[in-house]
Number of protein chains: 2
Amino acid sequence: MVQATLSPDLIARFAAIVGPAHALVDDGDIAPYLIESRGLYHGVSPLVLRPGTVQEVADILALATETRTAIVPQGGNTGHVGGSVPREGAADVVLSLSRLNRIRDVDPVGDVIVADGGCVLADIQAQAEAVGRLFPLSLGSEGSCQIGGNLSTNAGGTAVLAYGGMRQLCLGLEVVLPTGEIWNGLRRLKKDNTGYDLRDLFIGAEGTLGVITGAVLKLFPRPLGHEVAFAGLKSVKDALALFERASSRCGTALTGFELMPRLGVDFTTRHIPGVRDPLATAHDWYVLIDISTSDAAETATRMMEALLSEGLEAGLVEDAVVAASEEQRKALWHMRESMSPAQKPEGGSIKHDVSVPVSAIPDFMAEADAAVMAAIPGARICSFGHMGDGNIHYNISQPVGADKQAFLDRWREINHLVHGIVLKYHGSISAEHGIGQLKRDELAAVREPIEMDLMRRVKRAFDPAGIMNPGKVLKA
Amino acid sequence: MVQATLSPDLIARFAAIVGPAHALVDDGDIAPYLIESRGLYHGVSPLVLRPGTVQEVADILALATETRTAIVPQGGNTGHVGGSVPREGAADVVLSLSRLNRIRDVDPVGDVIVADGGCVLADIQAQAEAVGRLFPLSLGSEGSCQIGGNLSTNAGGTAVLAYGGMRQLCLGLEVVLPTGEIWNGLRRLKKDNTGYDLRDLFIGAEGTLGVITGAVLKLFPRPLGHEVAFAGLKSVKDALALFERASSRCGTALTGFELMPRLGVDFTTRHIPGVRDPLATAHDWYVLIDISTSDAAETATRMMEALLSEGLEAGLVEDAVVAASEEQRKALWHMRESMSPAQKPEGGSIKHDVSVPVSAIPDFMAEADAAVMAAIPGARICSFGHMGDGNIHYNISQPVGADKQAFLDRWREINHLVHGIVLKYHGSISAEHGIGQLKRDELAAVREPIEMDLMRRVKRAFDPAGIMNPGKVLKA
């Protein structure tokens, strides 16, 4: 078991590694590191360390293993499952990666960028763009989330359909192990079959096996053609049928296929400045379709036109608009990105981040809707997301006029209800946000004992002292 | 340590699990399971077991762990590194997956196929084709290799450029653990962030962590457009420049970019019936370019024409031919696939399966060529392969008239020489064939101790009795 309190002497030993300016001990300085944006978790910590070198990270972890001190690695702290904040009732030390934010190398010929774990995602995107390349990972929080966090949570976002998630976008890692040893796995190879896949074990481990301090990321050609359309439809089933046609027709040129309900469009036009409904009349469902082509701009245009006219002809699409400029394309994506923030002014929102096989989305949503409406009459279901990945952010806004806290108090009950239906469709209770503290006990309940046991064996093998982000993913 | 001999009683206990008809004990019956096609390894075994159900596999492994009996899982036995054959001087039991060859489900809407580990790759390709889909993994041995072996070795092949290797083509696994427990991880989800990535740990582990008995594989739309060209060039550097243009222009529509030397074309036209040089004059180097497009046949045609005319104009391409029929496309690919077998009639061949960053290929090859020619004057270097993946099969045929065995006796010396240059370019000593026995000691020598230590920790955590394919990848 790790220590429950930290002695002044031990605090001083940790502080000496990074220097006093980078060891935060005042409550006011520490406060921002303790909470997440959704406000579900309020941790405590006696100490925030902000190392400036990989060796300092190594020294911190070596001392932590020696003294059995719990360490919580933290990137941009944009997570939603309590994975990057310290626990309540413990004395976890926060290890902030923010000062490790150097781009180490940009190689447009080798199509890689090598970055410190603390680099902000938007900075990496910008560096890629500066050499005429694309780093495709794209999320709502890209202006503040860090690549080490993106890796540790195997982040997804809006470009997974064509480019894959973080696991597919990474060639190599540098990881500081709980013991303070440094694993230099910063390889730039497309093919390398030399032993166990340690890289993918650290990716998605939510900082429980080590601290990712550097990564080799894949770059791609910037597309020459880019079209974004917004289509109104009458049902989720029609959206699925349209997706299947889009996928067959466009292959990997289909770079986004995002589902949105009428309620979400109402929320964004009501609350997000500058967002307006691009279609003349209301529709029950909408999809944002993004097509990118590498060979010529005309290919994207031709694909989009053919897809929409096929959709209209088949009666799947009721109405559609194709963005005519980069500004309009951004506006359509901005509406999609605003789905989550636009729920905030509508009161409490109970969230889910689930996935099912793509073909099961309509049935899953119909069944979940019925169950939720039976449990909370008047609930306003605003489920949207990455339809092409089978990943729905199944969010539920409180009934109009209901008591916010009383609604939010039913979070776990409703999660349980919705996740039960997810499991019926052989889905995942966390498609892209991870486990953290939020879904830890639920994971253990829904997975076979052997799978949980294998995870615990890996945890013990890598972190014998149990200091790395304890209580996240697995029980401490 | 595992047992060095097997008692008749223990053999009888193993045989009882599968029934006498499927427990081979006669030397003649066992012989085919002991050797690889390249003939580098000649193992011994007292027993070959051919289970017919997953539960039988589980019972075999449980008994093996109980009695500390070494088990060698074997698929189609088409490997090149001694990974799937029993060791010399031991009493390894061979566990053949061949009878576990059922296609469990084909779902063209969900774009997955679920198959037993012992299914032959070509059968899976055919099942996908029967429902209008593509399973893109493609290798020379596809007529006999099995999907469980493809997964255990993270197989690559000729379609990695656009579709990725086996790791990218698999959504879920069923694995029997060394203890006999069965992990059902047969998920069909595109996104699933629920804990450690056990799947990718078993993929590429070469049967040292468990036995893959089932898998969920991804299917893709069959391309509508397909063009294959064969171009003559004057240098590897020009081939690289052409690849960069092809990659930018075609993106993921570039489904193959294979490099071949003049010597390889000579060997194939000389020894492989029906292969002829499609170009009028000789060139020092050749590339096979494969472009597939999902939207329309014309897109592939247009891309190929534009690429070749750009290449001719820039002086990168000396001459080129585009296949005019499916038959011609197959003939060009047949020449490429024949590169390795065509070396056999030329005497001994020392092989390498290496990768370097794509941009380093010309420098790596120039340096390796010089070193090899200095070491073995008259050696005939026939290096070819997946240029777009940075993966070169750097093969060396013996000098004309040299003694074959004397040449082959220098295998390890030459491996060491070439791998030293690979490492200088931060490459991999095994791009796609794996480690097995062949490169086990070399791996331990070239990797940092911490990396080897982490692999050993994983091995101990999953296989405490050390029964799973001992002596492969890691020392027993």
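1. In this predicted model, chain B and chain A bury about 6,300 Å² between them, and carbon and sulfur atoms account for 54% of that area. Three residues, B:Lys191, B:Asn193 and B:Tyr196, supply 16% of the area that chain B buries against chain A, more than any other three residues. Each side is made up of 79 residues: 79 from chain B and 79 from chain A.

2. Several elements of chain B each give at least two residues to the side that touches chain A: α6 (160-163), β9 (182-185), α7 (198-202), α8 (236-250), α10 (297-313) and α16 (449-462). Of these, α16(B) gives the most, with nine residues. By residue class, the side of chain B that touches chain A divides into 32 nonpolar, 27 polar and 20 charged.

3. One salt bridge across the contact deserves a separate entry. A:Arg167 pairs with B:Asp197, with 3.2 Å between the closest N and O atoms. A:Arg167 and B:Asp197 also belong to a network of salt bridges that includes A:Arg199 and A:Asp200.

4. Over all chains, the whole structure holds 62 salt bridges. One of them, within chain A, joins the side chains of A:Arg133 and A:Asp111 at 2.6 Å, N to O. A:Arg133 is in strand β7 of chain A, while A:Asp111 is in the loop between β5 (103-107) and β6 (112-116), so the pair links parts of the chain 22 residues apart. A:Arg133 counts as buried, at 19% relative accessibility; the cut-off for buried is under 20%.

5. In chain B, the side chains of B:Arg249 and B:Glu310 form a salt bridge of 2.5 Å, N to O. Because B:Arg249 lies in helix α8 and B:Glu310 in helix α10, the pair ties together parts that are 61 residues apart in sequence. Both ends are partly exposed: B:Arg249 has 24% relative accessibility, and B:Glu310 has a relative accessible area of 23%.

6. A further salt bridge of chain B joins B:Arg336 to B:Glu258, with the closest N and O atoms 2.6 Å apart. Here helix α11 (residues 326-337), which holds B:Arg336, is linked to strand β13 (residues 254-261), which holds B:Glu258, and the two residues are 78 residues apart. B:Arg336 is buried, with a relative accessible area of 5%, and B:Glu258 is buried too, at 2% relative accessibility.

7. A:Ser138 sits in the loop between β7 (133-134) and α5 (147-152) of chain A. At 19% relative accessibility, A:Ser138 counts as buried. Its side chain makes a polar contact of 3.1 Å with the side chain of A:Glu142. Apart from neighbours within four places in sequence, A:Ser138 is in contact with A:Gln125, A:Gly156, A:Gly157 and A:Thr158.

Key
Residues numbered from 1 in each chain as written. Chains lettered and ligands numbered in written order. Predicted model: local features only at pLDDT ≥ 70, side-chain atom pairs only at ≥ 80, totals over all residues. Heavy atoms only, no water. Contact = heavy atoms within 4.5 Å. Buried area = accessible area lost by both parts, 1.4 Å probe. Salt bridge = Lys/Arg side-chain N within 4 Å of Asp/Glu carboxyl O. Helix = DSSP H or I, 4+ residues; strand = E, 2+ residues; numbered from the N terminus. Nonpolar A, V, L, I, M, F, W, Y, C, P; charged D, E, K, R; others polar. Buried < 20%, exposed > 50% of the residue type's maximum accessible area, 1.4 Å probe, protein only. Polar contact = N/O pair within 3.5 Å; in protein donor to acceptor, adjacent residues only side chain to side chain.
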